[in-house]
Amino acid sequence: MQWTSLNDIREKYLSFFESKGHLRLASFPLIPRGDRSLLLINSGMAPMKKYFTGEEEPPRRRVTTCQKCIRTPDLERVGHTARHGTFFEMLGNFSFGDYFKEEAVTWSWEFLTEVMKIPADLLWPSVYEKDDETYDIWKNKIGVPAEHIVKLGKGDNFWEHGPGPCGPCSEIYFDRGPKYGCGRPDCRPGCDCDRYMEIWNNVFTQFSNDGKGNYTELEHKNIDTGMGLERLACVIQGVDNMFEVDTIRRILDRVVAISGREYGRDPSADISIRVVTDHTRSAVFMIADGVLPSNEGRGYVLRRIIRRACRHGKLLGIDRPFLSETVEAAIAESYRAYPELAEKRDYILKVVSVEEERFDATIDAGLEILGDMIAATQGGVLSGDDAFKLYDTYGFPVDLTRELAAEAGLQTDEARFAELMQEQRSRARAARGNVGGWESSAADLLSGIPATEFTGYGELETDARVLAVICDGELAGEVSGGTFTLVLDRTPFYGEGGGQVGDTGTISSPAGGGLRVSVTDTKKADGIHLHICTCEGGTLRVGDKVRASVDRARREAVMRNHSSLHLLQAALRQVLGKHVEQAGSYVDAERGRFDFTHFAALTKEELAAVEAAVNGAILSGLPVETVVTGIEEARGMGAIMLFGEKYGDTVRVVRMGGFSAEFCGGTHVTNTAKIGLFRIVGESSVASGVRRIESVTGTGVLDQLARREKLIAETAAELKVPNPSDIARKAQALQAELSAARREIESLNAELASTKLDSIMSGAVTVGCVRLATARLDGTAPDVARSLADRIKSSFPDAVAVLAVGDAGRLSFIAVAGADAVRAGAHAGRLVSAVAAVTGGRGGGRPDNAMAGGRDASLTDAALSSAAGTLAGMLKG
């Protein structure tokens with residue numbers, strides 16, 4: 001064997017199978033497409049399940065890939081052993097009804113022994129004990145001695161997951177040598193010791209299981225091969241585990257350099273070093289594929305991974321943000337094989353850095369609160385209510401709570417936590433209400449009705465025939481009034497979809513007559529356009545010929561807004577970077593709304609640059625054309641697709657000169673000049689890592705300018721400025737007056753606090769080795785009370801003060817402790833919490849400074865009187 005880098009092993013494998021007639025496909029994204037059964041891709045074959053089942057046609061019968069994979073069931077074990085990792089790459093060669101056992105076995109042996117030069121006597125094939133065909137191939141065609149072929153049972157060498165395709169498999173094991181073995185004379189593949197490492201698995205999908213133990217031969221048999229790239233690299237490089245493989249070791253070395261720790265010296269530090277190394281790799285690839293930190297689904301997996309890495313960085317003594325440095329190292333090791341890492345480098349760094357900053361902002365408070373919870377826990381189980389409070393209020397991941405509780409010898413009541421999470425989801429669903437449009441029960445009425453021919457790309461008026469009339473959830477033969485749903489054989493009305501609202505307009509008789517029907521909305525279900533109508537005159541019958549006319553002015557306004565969003569996405573990618581992906585959109589006649597992935601609010605300069613780029617494309621008068629083509633040809637044009645969306649073999653691409661190209665089924669202007677003007681009217685956050693821009697076009701911009709002119713005139717009148725151009729100067733003068741008044745108030749507050757300070761401290765009592773001062777500050781402004789408390793803390797190191805502040809009908813408590821008092825055991829947070837509790841309030845904070853809210857003001861004196869006893873219980877000695 002010759003030492004080979006992980007990146008070279010990957011290339012050798014893919015090139016080898018290309019030479020055997022396989023199509024090399026790029027790794028599929030980690031976010032599954034069209035598969036809701038998985039949060040994240042976790043195996044080489046997972047993205048190709050529909051090729052195996054025949055639901056989709058593969059691009060070629062022979063395919064080879066190196067697939068990015070994430071597995072997190074044992075997340076808490078990562079780092080504790082050198083075996084566990086969340087990210088790995090799976091090499092695979094696949095046959096969809098093409099070659100079968102002999103070729104698969106022959107090529108696996110050829111690659112390992114001839115390409116990678118692994119000595120044949122170190123390789124041990126295994127076969128399913130009833131698979132004589134594969135045994136014969138290994139023994140008689142490959143020439144492996146019988147004593148080197150192991151027959152194993154169904155549990156080891158038969159692949160199946162419930163009903164459906166299944167079959168035997170044949171694995172290849174590498175003999176690592178006696179030093180890794182158990183010493184038993186019968187030690188061989190299948191033994192539980194570490195001597196024999198599985199490096200290749202050929203799965204022969206040849207049967208269908210009916211779920212009752214009955215197996216039938218498949219007409220088209222498949223090959224699914226899996227080989228862990230990191231595991232093969234361990235063999236070729238002669239190292240014990242994945243963390244010693246060259247590319248991963250260089251990331252680990254970066255963690256070592258940042259932390260100043262030596263790997264291999266301290267077992268607990270080694271755990272943290274491995275956690276940061278592995279989790280950095282996972283985070284980089286997940287973010288590059290469109291996953292963003294959140295509190296749900298795959299986003300929560302990413303958040304857990306990043307925050308776990310942050311915590312283990314702190315355990316290593318790293319007291320500053322550092323993950324951007326490990327991310328740089330991970331990108332450097334893999335960007336040649338995965339160019340998207342380089343393309344999205346800045347975005348990946350931003351996402352990780354923001355999440356690290358957010359965690360740093362909550363970790364200290366969370367750890368302190370969790371420490372108090374653990375200290376107060378009796379019975380060996382941390383309550384689910386406490387775990388949920390940490391998660392919901394402080395953003396503390398429950399797995400981190402579980403891990404820290406376990407370190408303290410406690411279990412966590414996860415059943416109660418899950419119950420509270422479900423209650424929260426139910427409340428959220430109830431708040432959203434029923435947002436469904438077309439009910440599924442009503443959709444059953446459409447059975448047997450053909451798809452509607454849509455003519456609205458090229459015309460806004462179409463003669464059509466009535467196919468169905470639906471009134472009150474039932475099919476009707478005719479309608480003479482009221483609201484109903486209408487189905488036509490062809491229509492120019494766009495059915496709501498792709499973020500674009502449905503068209504409105506009228507239905508009338510082609511030759512005149514008394515039929516008057518208003519179309520108030522248009523939906524679409526299974527290719528059938530559903531016109532939501534009101535009959536204002538005449539009678540409409542199934543089979544009638546009608547004229548369908550779209551509201552032209554409204555449609556044209558919608559098209560202007562829709563086309564502008566295509567230009568907006570292109571402009572955002574120009575200004576912010578290629579990481580920008582559409583996360584949602586909405587267009588109607590009044591405005592456009594575009595949601596996109598980005599981790600920070602746009603600056604004024606960025607917004608101005610985006611707006612200028614869009615208006616530049618409008619003023620250039622770019623032709624807008626649509627192309628219906630194959631999906632691969634569309635990708636070749638550089639067309640942007642909606643991430644995670646499932647597309648057919650044929651797609652519609654909307655191109656706007658050389659500025660924008662997107663997959664889109666909506667309606668658009670024919671030239672960008674028809675958009676007129678574009679104006680951004682709002683930019684905001686809608687979710688973690690998702691921003692929203694709202695915009696107007698055409699007459700919408702003119703309307704906005706008119707409203708702004710009116711506002712300026714009204715403001716000038718209120719400020720008594722004859723000339724609106726003097727508004728800014730008048731505002732500056734008023735601001736200066738306000739600032740002067742504010743400074744005067746602050747000065748008066750300081751004088752007031754000074755006079756009260758002596759009065760409060762003169763009444764202080766001695767509690768142990770500290771002084772305790774309590775006081776009621778009725779009618780005192782909160783900022784004056786806070787200033788007074790801060791002066792007590794800084795002027796009297798041995799003092800503790802609790803102040804009751806009553807202002808505008810609200811009761812609050814402030815507690816402070818000087819430095820000497822804190823060292824003596826005083827804790828302002830716990831003290832103010834106990835004091836406020838007497839009035840039915842709650843609160844807390846740091847040892848030296850804390851606040852709480854009160855409820856029953858009549859108990860204020862009793863609450864302050866309780867402070868001495870509470871404080872005495874805290875003090876040392």
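How many residues apart are Glu-714 and Lys-710 in helix α20? To find out, select helix α20, residues 699–718, in this predicted model and show the side chains of Glu-714 and Lys-710, which form a salt bridge whose closest N and O atoms are 2.9 Å apart. The two residues are four apart in the helix, so about one helical turn separates them. Colour the pair by accessibility and Glu-714 comes out as partly exposed, with a relative accessible area of 41%, while Lys-710 is exposed, at 55%.

Side chains of opposite charge can pair when their charged atoms come close. A search of the whole structure finds 57 salt bridges, and the next stops visit some of them.

Select Glu-333 and Arg-250 next, where a salt bridge again brings the closest N and O atoms to 2.9 Å. Glu-333 belongs to helix α10 (residues 323–334) and Arg-250 to helix α7 (residues 246–259), so this pair ties together parts that are 83 residues apart in sequence. Glu-333 is buried, with a relative accessible area of 13%, whereas Arg-250, at 42%, counts as partly exposed.

Now move to Glu-355 and Arg-303, whose side chains meet in a salt bridge with an N to O distance of 2.7 Å. Here the link runs between helix α12 (residues 345–376), which holds Glu-355, and helix α9 (residues 297–315), which holds Arg-303, so the pair ties together parts that are 52 residues apart in sequence.

The last stop is a pair of helices. Select helix α3 (residues 101–115) together with helix α4 (residues 132–142), which pack at an angle of about 50 degrees with their axes 10 Å apart. That angle makes α3 oblique to α4, and the crossing of the two helices is right-handed. To see how the contact is made, display Lys-101, Glu-102, Val-105, Thr-106, Ser-108 and Trp-109 on α3, and then Glu-133, Thr-134, Ile-137, Trp-138, Lys-141 and Ile-142 on α4. Coloured by class, the contact of α3 with α4 shows five nonpolar, three polar and four charged residues.

Technical notes: Residues are numbered from 1 along each chain as its sequence is written. This is a predicted model: local features need pLDDT of at least 70, side-chain atom pairs count only at pLDDT 80 or more; totals for chains, interfaces and linings use all residues. Side-chain values use heavy atoms; hydrogens and water are left out. Axes are lines fitted to C-alpha atoms, for helices over the stretch in contact, and angles run from 0 to 180 degrees between N-to-C directions. Angles under 35 degrees count as roughly parallel, over 145 as roughly antiparallel, 65 to 115 as roughly perpendicular and the rest as oblique. A crossing is left-handed if the near helix is turned anticlockwise from the far one by less than a right angle, and right-handed if clockwise. Contact means heavy atoms within 4.5 Å. Ala, Val, Leu, Ile, Met, Phe, Trp, Tyr, Cys and Pro count as nonpolar, Asp, Glu, Lys and Arg as charged, and the others, Gly among them, as polar. A salt bridge is a side-chain nitrogen of Lys or Arg within 4 Å of a carboxyl oxygen of Asp or Glu. Buried means under 20% relative accessible area, exposed over 50%, partly exposed in between (1.4 Å probe, protein chains only).
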